[in-house]
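Subject: Structure for your review

Dear colleague,

Please find below the structure that I am handing over to you. My findings follow directly after it.

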There are 2 protein chains.
Amino acid sequence: MTAVSKTVETNGTAKGDDDGRGDPARAAVHEAARNARVASRILAQLTTAQKNAALHAAADAVLAATDAVLAANALDIEAAKATGTEESLLDRLRLTADRVGGIAAGLRQVAGLADPVGEVVLGATLPNGLEIRQVRVPLGVIGMVYEARPNVTVDAFGLALKSGNAALLRGSSSAVHSNAALVEVLRTSLAAQDLPADAVQLLSSEDRSSVTHLIQARGLVDVVIPRGGAGLINAVVRDATVPTIETGVGNCHVYVHAAADLPMAVKIVLNSKTRRPSVCNTAETVLIDKAIAETALPAVTQALQSQGVIIHGDLPGQVPATEADWAEEYLSLDVALKVVDGIDDAIDHINRYGTGHTEAIVTADLAAAREFTARVDAAAVMVNASTAFTDGEQFGFGAEIGISTQKLHARGPMGLPELTSTKWTVWGDGHTRPV
Amino acid sequence: MTAVSKTVETNGTAKGDDDGRGDPARAAVHEAARNARVASRILAQLTTAQKNAALHAAADAVLAATDAVLAANALDIEAAKATGTEESLLDRLRLTADRVGGIAAGLRQVAGLADPVGEVVLGATLPNGLEIRQVRVPLGVIGMVYEARPNVTVDAFGLALKSGNAALLRGSSSAVHSNAALVEVLRTSLAAQDLPADAVQLLSSEDRSSVTHLIQARGLVDVVIPRGGAGLINAVVRDATVPTIETGVGNCHVYVHAAADLPMAVKIVLNSKTRRPSVCNTAETVLIDKAIAETALPAVTQALQSQGVIIHGDLPGQVPATEADWAEEYLSLDVALKVVDGIDDAIDHINRYGTGHTEAIVTADLAAAREFTARVDAAAVMVNASTAFTDGEQFGFGAEIGISTQKLHARGPMGLPELTSTKWTVWGDGHTRPV
């Protein structure tokens, strides 16, 4: 296929598909994507039983390869230490026999989830007798760009396989040995099941270019899902020509309304901020209604400070807040705090500075709760509940590929159905359409 | 907001949001988008009754303004004639009193459709008592880039309004007077209903740059839907940073299987190719199984030629087909014809050259029909039915914003639900999440 091809289709030969005469790094990514497409066509036809058997076999293989995986991980840890990586990152990178066991158990858990493929979403017999059905089908080839943790490698493979998709994985260079060892185990296991090894492939993490080639392989890759920090996600979303699903940036708010029960408000603010400060559903700003500020402000402030939270705000004893604080995703034991002038002010602030992830109100007033849920523009809106509940496991999905903060295709926690598309089938008996 | 802002949110202030100190054309599009966002927040809260009343009022206003709209249209027609525009394009551009009546009737038809906003898609009471609901909400601000026909201006407004969205319209410069007159009527009608006029805005069509600014206004615009020829759609999809929905490019196939009923096959091929050759669901390639080529080939060929269809293929008396013909969307009384070696060959050819729009098989063999529907990768797969049935009206949606040929968010004919996103609401009574 040459660069002047007229082909614009989505089914295997991309616009600008590279046969190797151009950039070799780009050609390598495109070849991997084409091989993934071939594999994906086989995966799409597997029964649920076949996919579950493959997942259990992969879990067995990962467990059996524990020693080799740990040896590979030791190389990554050693390299990371040599470059002075801090302990919290080392901990994310580190595998142990227990953690490998957890990775294998995750595959078995995915085997236990409902298979979304083949679900009939809509259906009708039309007045002319045509039978139409909208059926869930795999997306095809899913690209994942992610940071540090090697368990994501196996998680992504498992969720992709169960939903009938091939996975092109671009992990962090810091986890290159761990990821390579895990992917090799998965590929060998697939081949032993007479399934295509190219259902999972690890792209080179030697330089940034493989990310660029992956996210611009429009027509060869059906969707790219970035998982990681705001910098990674924004870069992927900005430069991609492949459709992306934006995940995980959360500048989440808790609004303590005038009619809030104060002990409940304190409890929800604390849980939203301090349960796990480094995750995307943590609260980053607390809004306190002026009407109850006199009591709520000291109560909330003292509770936060007693847990070591640093408050950025406009009041004495706080770190002075700047405009940037309202937009900040601290992911730490910091929080911005603002007194707002009623529910309109609160909603305006949230819709201006929020990232569309999770927003919470604490109130005993039904009208306020209804107004807040109706007017706040976010993937999840909580009434008298912690922001920490926005999570695929908590929502009952069993597993989660990420939390979408965009409006197209998927919004909020994404489970297996979000890794599918649909296809209309139309059955007739010689039907033609009148002019 | 400055260019160094850390804000990355999707709720009103875009990355790179332009306050006018940069390119004035870009600033104008961004200002329109910000005004659309403000309007969209009001639209999102309207009841179905309010939206229907606004649609009927707009229909009344369009009818009442028939003379002014026709006068504006006459300017466009005159300008188009002066540049030597061919009659078929003039006809697409031309409005008559009847056509204006049809445009108004279209608004009333949308008023009669079910309102997707507020539909509860999923819901559960979690084991901990939290009540979660996934509710349909508007997307927000929808950009439309489209060609020639002025009726699309009003159609897009109506569908966007009914689904609670603001519309940023970028029509063709050839229809500039007609579009401006229609949008002015719609805006005046909205204002008279105490609704925000900025729910519909026409962007300048003076140069290409407004398209670029619209499709790159990430964070200010929630989705862009291009409607037009392959060139327009590919350019929008390639250059957009705003999520897009790819529509309408259709290299559709009819496969005459070995077990086809021959008169049925002839009827379906003819209807698929000749009913309306210029639309996206028309067949562009006919595949005939080698096993019945001896009888099917002359029958299909003669039937097509009797209707004036020019056949591109490998057989004597045909225009010699090149590689490019298999990928061509003729949109004319031309068709490519190929003899294939069984169903695998047919499916491989379709999955290689198809654009993922509509593919049909004619067969009396159940196993072949099941295999074809399972393995062909397209928005719609027909068994013993014409490709012409892929259409929102035919599928019973009442109206159609386009036919998606991508896999994310929407695939196939798009009705009102495809112009929505969802929001999770979570109601508790002081719930916090255990560590």
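Strand 13 of chain A, residues 380-385, pairs with strand 16 of chain B, residues 420-431, in the parallel sense and over five bridges. Within this pairing, Val381(A) is found opposite Thr425(B), a residue of strand 16 of chain B. Please bear in mind that this is a predicted model.

Strand 13 of chain A also holds Asn384(A). The phi angle of Asn384(A) is near 55 degrees, which is a positive value in a residue other than glycine.

Leu331(B) is placed in the loop that runs between helix 12 (323-327) and strand 11 (334-340) of chain B. With a relative accessibility of 34%, Leu331(B) is classed as partly exposed.

I turn now to the interface as a whole. The size of an interface is often given as the accessible area lost when the parts come together. Between chain A and chain B, the buried area is about 7,600 Å², and carbon and sulfur atoms give 52% of this area. Three residues, Leu408(A), Trp424(A) and Arg433(A), supply 11% of the area that chain A buries against chain B, more than any other three residues. The contact draws on 91 residues from chain A and 91 residues from chain B.

Counting residue pairs in polar contact between chain A and chain B, with both residues at pLDDT 80 or more, gives 45. On the side of chain A that touches chain B, strand 16 (residues 420-431) of chain A contributes the largest share, eleven residues. The composition of that side of chain A is 39 nonpolar, 30 polar and 22 charged residues.

Strand 7 of chain A also deserves a description. This strand spans residues 252-256, and five of its five residues are buried. Cys252(A), Val254(A) and Val256(A) point one way from strand 7, while His253(A) and Tyr255(A) point the other way. In a regular strand, side chains alternate between the two faces of the sheet. Strand 7 of chain A pairs in the parallel sense with strand 8 of chain A (residues 283-289), over five bridges. Cys252(A) has Ala283(A), in strand 8 of chain A, as its bridge partner.

His257(A) lies in the loop between strand 7 and helix 10 (262-274) of chain A. His257(A) is counted as buried, since its relative accessibility is 10%. A polar atom of the His257(A) side chain is 3.0 Å from the backbone nitrogen of Ala259(A). Beyond its neighbours within four places in sequence, His257(A) contacts several residues, including Asp289(A), Ile292(A) and Thr363(A).

Finally, Lys81(B) belongs to helix 3 (residues 66-82) of chain B. Its relative accessible area is 51%, so Lys81(B) is exposed, the cut-off for that class being over 50%. Lys81(B) and Glu184(B) are 103 residues apart in sequence, and their C-alpha atoms are 25 Å apart in space.

With kind regards

Conventions
Residues numbered from 1 in each chain as written. Chains lettered and ligands numbered in written order. Predicted model: local features only at pLDDT ≥ 70, side-chain atom pairs only at ≥ 80, totals over all residues. Heavy atoms only, no water. Contact = heavy atoms within 4.5 Å. Buried area = accessible area lost by both parts, 1.4 Å probe. Polar contact = N/O pair within 3.5 Å; in protein donor to acceptor, adjacent residues only side chain to side chain. Helix = DSSP H or I, 4+ residues; strand = E, 2+ residues; numbered from the N terminus. Nonpolar A, V, L, I, M, F, W, Y, C, P; charged D, E, K, R; others polar. Pairing = 2+ DSSP bridges. Buried < 20%, exposed > 50% of the residue type's maximum accessible area, 1.4 Å probe, protein only.
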